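Hi,

Here is the structure I promised to pass on. Have a look through it first, and then read my notes below.

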Amino acid sequence: MNAKKATAAAESLDHAAADVRAPIAWKFPIIFGVLAVLALLFFGLLAAAGKHTTFAFASSGDFFAIPEVTVPTKLTGIVLGVVLLALAAYAIFEAANRRRIPAWVMVSFGIVFVLSFLNWAGGDTGRIPITALLAGSLALSVPLIFGSMCGLVGERSGIINIAIEGQLLAGAFLAAVVASLFSSPYAGLIAAPVAGALVAVVLTFFAVRYWVDQIIIGVVLNVLVIGVTSFLFSTVLTANAEKWNSRQQLPNLPIPLLSDIPVLGKVLFNQNILVYLMYVTVILLQIFVFRSRWGLRMRAIGEHPKAADTVGINVNLNRVANTIFAGAIAGLGGAFFTIGSGLAFGKEMSAGQGYIALAAMILGKWNPVGALAAALLFGFSKNLGNTLSAIGTPVPSELLLMLPYIVTILAVAGFVGRVRPPAAEGKPYSTQ
């Protein structure tokens, strides 16, 4: 009898638990549905008839040439729109069953939507250079990736680093000056992380020693670096540009065989050493942040510094060391503006990239791989605007200039969802 009562009670609890289920997450299915309908309508049904779009993939030196693909613009837009609707319907089905939308659905939807837009945008120009589009996107993403890695290490350690913009600019400045002085871009490559680290030293001095609000000191450092570099540019660098601000560029170092792979070979494996350092930085941080003693200590001082102190970890010393290391990473990112791109230093040439790097870090949820993906998204959106402006499209030029910032706002506000930063970030720690 007691067993029957217990069974009945367990069944009633199971029914009650089934009734109190998690709410259905409709955000992504609704977004996918709206975008799919808009793509089908504007990029397909309303596209002009009789036009064709050519996607160009080949480049010189490939193992084998991929032929250009020419498709009817309107029909292709309709087909891609139907595919988007199918993916949106699948997302709705998964959400209705309270299941997480698979990552492949989200990635596929993004790729197909971009292809649909490119197909429509190329209807007037006739040709979309895919390899050049991807290569330019990676180049524009490099400073963002280094900057987001800098912010990630700092905030995981409990220090909010708004000064990434200043660290990028300082790295670009010192890399250009030292490379010009020694007529060697590799000398500039060594100097760039020093500049970023020096900015981080000032940040940690005021944030850790004097408990100055970390957001305020970060903004002040950005303004300070902009002022100092602009003054030196207008006086010293302009007066003798040949000595102090000549163009020095890191040479490309193609990796044998890999650089000859069609499309991706030229994009990923025919780069300079700075890009390869970016690959190494992301891979090592992904490993060490989550699978090393250093990473465990870093996450501990960023989440619960009192507990870390209890087990013998010097919280403030580790915060200072990690933030200076992060500043050196940002300095490398700044070097890409000058020696990485073969450009002389210019006033405020970082152009707000430090703030977009912070957005990439948040969108990536303080994870190296996530921040990498977000930075690549922002770089692609910027280069997409540049490419479409160059080839001529029906999209207004003002909208193309706004595109990377629109993507940044939408990504952080609409797609990042609920994120939890490290619990102790921005909070000074005292042993007293």
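Let me start with Thr-281, which is buried because its relative accessible area is 15% (buried means under 20%, exposed over 50% and partly exposed in between, with a 1.4 Å probe and protein chains only). Before I go on: this is a predicted model, where local features need pLDDT of at least 70 and side-chain atom pairs count only at pLDDT 80 or more, while totals for chains, interfaces and linings use all residues. Residues are numbered from 1 along each chain as its sequence is written, and side-chain values use heavy atoms, with hydrogens and water left out.

Back to Thr-281: you'll find this residue in helix 11 (residues 273-291). Helices (H or I, at least four residues) and strands (E, at least two) are DSSP runs, numbered from the N terminus. Setting aside neighbours within four places in sequence, Thr-281 is in contact with Phe-146, Met-149 and Ile-329, where contact means heavy atoms within 4.5 Å.

Now the overall picture. The chain has 17 helices and three strands. Of its 432 residues, 47% are buried. If you take contacts between residues at least 6 apart in sequence, 76% of them join residues at least 24 apart. The accessible surface is about 20700 Å², and carbon and sulfur atoms account for 70% of that (Shrake-Rupley method with a 1.4 Å probe; for residues, only the protein chains shown count as cover).

What about the strands? Strand 1 (residues 52-56) is largely enclosed by the rest of the structure, because four of its five residues are buried. Strand 1 runs antiparallel to strand 2 (residues 69-72), with four bridges joining the two, and His-52 sits opposite Pro-72 there. Strand 1 is also joined to strand 3 (residues 127-129), this time by three bridges and in parallel; in that pairing, Thr-54 has Arg-127 as its bridge partner. For strands to count as paired, DSSP has to find at least two bridges between them.

Next, the nonpolar cores, meaning sets of buried Ala, Val, Leu, Ile, Met, Phe, Trp, Tyr and Cys residues joined through side-chain atoms within 4.5 Å. The largest has 93 residues, and those touching the most other members are Leu-274, Met-278, Phe-345, Phe-378 and Leu-384. Helix 5 (residues 130-156) is the biggest contributor to this core, giving eleven residues. Since domain 1 (25-126) and domain 2 (131-380) both give residues to this core, it lies between them; the domain bounds come from an automatic or database domain assignment. Take Met-278: apart from neighbours within four places in sequence, this residue is in contact with Leu-138, Val-142, Ile-145 and Phe-146. A second, separate core has five residues, including Ile-301, Ala-308, Ile-313 and Tyr-429.

Which backbone nitrogens does the side chain of Glu-165 reach? They are those of Gly-352, at 2.9 Å, and Gly-354, at 2.7 Å. I'm counting polar contacts as pairs of N or O atoms within 3.5 Å; within protein, one must be able to donate a hydrogen and the other to accept it, and residues adjacent in sequence count only if both atoms are side-chain atoms. Glu-165 is in helix 6 and counts as buried at 5% relative accessibility. Leaving out neighbours within four places in sequence, its contacts include Asn-222, Ser-350 and Tyr-355.

Thr-338 lies in the loop between helix 14 (315-335) and helix 15 (353-363), and is buried, at 0% relative accessibility. A polar atom of its side chain lies 3.3 Å from the backbone oxygen of Ala-172. Beyond residues up to four places away in sequence, Thr-338 also touches Gln-248, Phe-345 and Met-349, among others.

Ser-183, with phi near 55°, is in the loop between helix 6 (164-182) and helix 7 (185-209) and is exposed at 55% relative accessibility. Leu-257 has phi near 70° and lies in the loop between helix 9 (241-244) and helix 10 (264-268); Leu-257 is exposed too, with a relative accessible area of 58%.

Cheers
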